[in-house]
Amino acid sequence: MSEKTICKTICPYDCPSSCGLLAEVQDGKIVRVSNDPDHPVSGKLICSKMRHYERSVHSPERILTPLKRSGPKGSGEFVPCSWDEAIRTITDQWKSLSVEYGPQSILPCVYSGVMSDIQRKCGEAFFNRLGASVLVQTLCSSAKGAGYKSVMGATGCLDPRELKDSDFYLIWGSDLTATRLQTLSELIQQRKQTKKKMILIDTYASPTARYCDDTILIRPGTDGALALALMNVLAEEGLADEEWLRENGEGYEQFREMLPEYTPAWAQEITGIPADTIRNLARQYAAASAPAVILGSGNSRHKNGGMNVRLIVLFIQFTGAWKRPGGGLCGCTPVNGGYVDMTRITRPDFRKTPGRRININQIAAALALEGSEAVKSLYVYGCNPVDSVSNQNGMIRGLLREDLFTVVHERFMTDTALYADIILPAAFSVEQNDIYRCYGYCTLGVAKKLIPAPGECKSNWDTFCLLAKGMGFEESYFAMTEEEMLKDILSHPTAEVRRLSEKQRKCLEDGGSVSMPFADHCDIKTESGKFRFYDESCPVPLAGYVPTEENEYPLHLVAVPDVHSVNSIFHDRADLMQARGDMTVLISPKTAEKYRISDGEPVLVYNDIGEVRFIARMDDMVADDTVIARGIWTMKSAGSSTFAALTHEDLSDIGEATTLNENRVEIKRAVP
């Protein structure tokens with residue numbers, strides 16, 4: 001047995017922190033994982049999921065060889081095949097489809113299974129060269145980003161490490177325990193030392209509520225109405241910074257004229273929040289010198305999601321907090337400029353004709369297209385659309401098509417992989433090289449390959465190089481190794497990276513993470529240099545109230561994160577799944593009484609597109625007439641359809657984003 005070596009690496013999953021890790025390596029295996037004390041964000045703390053990352057890496061459930069389907073689609077019947085046979089089968093199919101139907105009959109499906117740049121984005125170069133359809137990747141928080149950009153342009157918001165300068169924290173629609181663990185830890189320390197106040201606004205307040213001074217429950221999708229009412233109070237009570245708004249707010253005069261109609265009494269009827277609570281919140285916010293709003297993404301996952309965010313960002317401007325250190329917004333991008341020249345990875349120059357755009361939230365509809373528009377082949381990597389994309393039943397109907405050739409590059413037998421014609425075994429992050437841009441903090445990191453991939457598992461990069469060779473692509477890009485691609489990125493630094501010290505550049509080259517400069521959130525980067533109440537590029541140019549849509553189903557269905565999983569990842573971990581327990585929905589005691597549902601009772605949640613069986617749990621931290629589903633489950637673990645079977649494929653007002661929190665449902669007691 002050889003000695004253990006300790007190596008730096010980075011968490012590859014969809015989380016704002018991109019935590020730095022220390023991996024103990026012995027005899028070609030990871031034997032222990034802990035936090036990297038040198039990491040600028042996670043030096044003191046990592047989540048419980050990654051403390052035993054080695055259990056996933058070395059899981060006996062991993063797919064270790066290419067597989068080809070031997071039974072009906074969805075049956076899970078496969079037989080092993082060689083990489084040569086798999087690549088030949090795939091490329092022969094794609095060559096034939098390209099001739100008969102055109103290359104846009106081929107659709108890639110990728111999202112956040114790996115958040116690093118090379119492995120996540122290299123497929124774009126391949127599919128650009130192929131001329132395939134283009135996947136619009138707006139599954140998560142694109143409406144949030146679009147709403148922020150509508151007001152602030154390219155202005156960077158607060159990095160969480162700047163929150164030390166804030167004197168009041170308003171957590172708006174974010175469960176910090178599941179999505180911003182390091183931020184929560186720092187806020188708790190701040191409160192112990194300075195008694196800074198922390199208030200939570202959400203449709204589901206637990207478990208973050210236990211760390212807050214006050215909790216305000218809000219009806220889903222009505223956040224914009226609350227923001228308007230708060231601005232109304234600030235303006236009517238002389239608490240607004242009128243000089244700041246008039247000098248720096250583009251379109252403020254128009255907005256100010258309509259503000260009187262958005263009273264707290266008006267908002268009470270819409271949001272369910274008492275008018276006095278709204279007034280009190282506005283006054284507390286105005287009393288702070290540098291209040292910070294920590295914004296989650298759930299309130300943007302509605303048809304009015306972009307407008308909700310626009311109004312929240314404008315509310316922050318009303319007291320002039322934005323112009324002070326620690327005052328403003330945390331939760332969008334704090335980065336001012338690019339850390340990686342992404343065109344070197346994605347190679348948009350390879351595409352000779354514009355690609356047909358298909359939104360990831362509407363894949364089920366795309367798979368139902370017929371004739372010349374039909375999708376004839378689906379290539380899935382870094383994604384599990386059956387469990388994590390809307391309209392689960394429609395998705396499965398599409399995947400069951402005999403004329404759809406589906407390839408899945410995966411580490412485990414996911415619900416999507418069950419419908420594949422060819423499965424390719426994928427590598428873990430510690431088995432490949434990559435560079436990571438953190439999207440919640442200003443950090444940049446490099447992670448080197450630490451151990452060999454088991455069996456015949458291959459990285460995305462190596463797989464696309466094999467596919468390119470099979471297709472006959474001769475560009476030198478596809479002859480590079482991933483090590484050479486990483487070296488190419490580091491040798492072509494962006495302006496931000498060029499400003500790093502020699503020591504920091506050496507840290508990246510050796511495999512480590514560095515802190516990048518925070519954006520100056522006071523430097524408003526719009527065309528006019530002013531934040532915008534009026535944005536002519538939006539469907540509704542002047543920011544104002546946009547209601548949620550009425551629906552025949554009375555209950556709001558809302559998805560919230562869970563500390564035991566990230567998207568549909570970690571279902572291989574029995575320890576985490578056991579700790580999570582049954583697939584539950586949370587409802588308020590008032591809603592439970594209305595439907596005569598007891599705590600722990602099986603229920604059916606249903607609407608016009610699906611029906612899902614859950615265990616009901618009562619929680620007084622849930623807004624009335626709201627059904628909360630925690631985390632993403634797999635059909636295998638649930639034994640039935642899951643949350644995704646209840647979500648429509650509609651898009652947000654701006655940003656083309658998911659509206660998974662817009663869906664309405666009914667609930668009833670289930671027959672045992």
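## Basis

Residues are numbered from 1 along each chain as its sequence is written. In this predicted model local features need pLDDT of at least 70 and side-chain atom pairs count only at pLDDT 80 or more, while totals for chains, interfaces and linings use all residues, and side-chain values use heavy atoms, with hydrogens and water left out.

## Cavities

There are 5 cavities of 30 Å³ or more, a cavity being a set of points, on a 1 Å grid over the protein atoms alone, where a 1.4 Å probe fits but cannot get out; its volume is the space filled by probe spheres set on the points, which are joined across faces, edges and corners.

The largest cavity, of about 60 Å³, has among its lining residues (those with an atom within 4 Å of a point) Tyr339, Asp341, Ile435, His492 and Leu508. Its lining divides into 9 nonpolar, 2 polar and 1 charged, where Ala, Val, Leu, Ile, Met, Phe, Trp, Tyr, Cys and Pro count as nonpolar, Asp, Glu, Lys and Arg as charged, and the others, Gly among them, as polar. The second largest cavity has a volume of about 50 Å³, and its lining, including Met583, Arg630, Trp633 and Phe643, comprises 6 nonpolar, 3 polar and 1 charged residues.

## Helices α7 and α12

The axes (lines fitted to C-alpha atoms over the stretch in contact, with angles from 0 to 180 degrees between N-to-C directions) of α7, residues 223-236, and α12, residues 305-317, come within 8 Å and cross at roughly 25°; helices are DSSP runs (H or I, at least four residues) numbered from the N terminus. The two are therefore roughly parallel to each other, the term for angles under 35 degrees.

Residues of α7 including Leu230 and Met231 meet residues of α12 including Leu311 and Phe315, contact meaning heavy atoms within 4.5 Å. The residues of this contact divide into 9 nonpolar, 2 polar and 1 charged.

How values were computed: 1 Å grid on protein atoms, 1.4 Å probe; cavity = no way out; pocket = protein on both sides within 12 Å on 5 of 7 lines; lining within 4 Å. Parallel < 35°, antiparallel > 145°, perpendicular 65-115°, else oblique.
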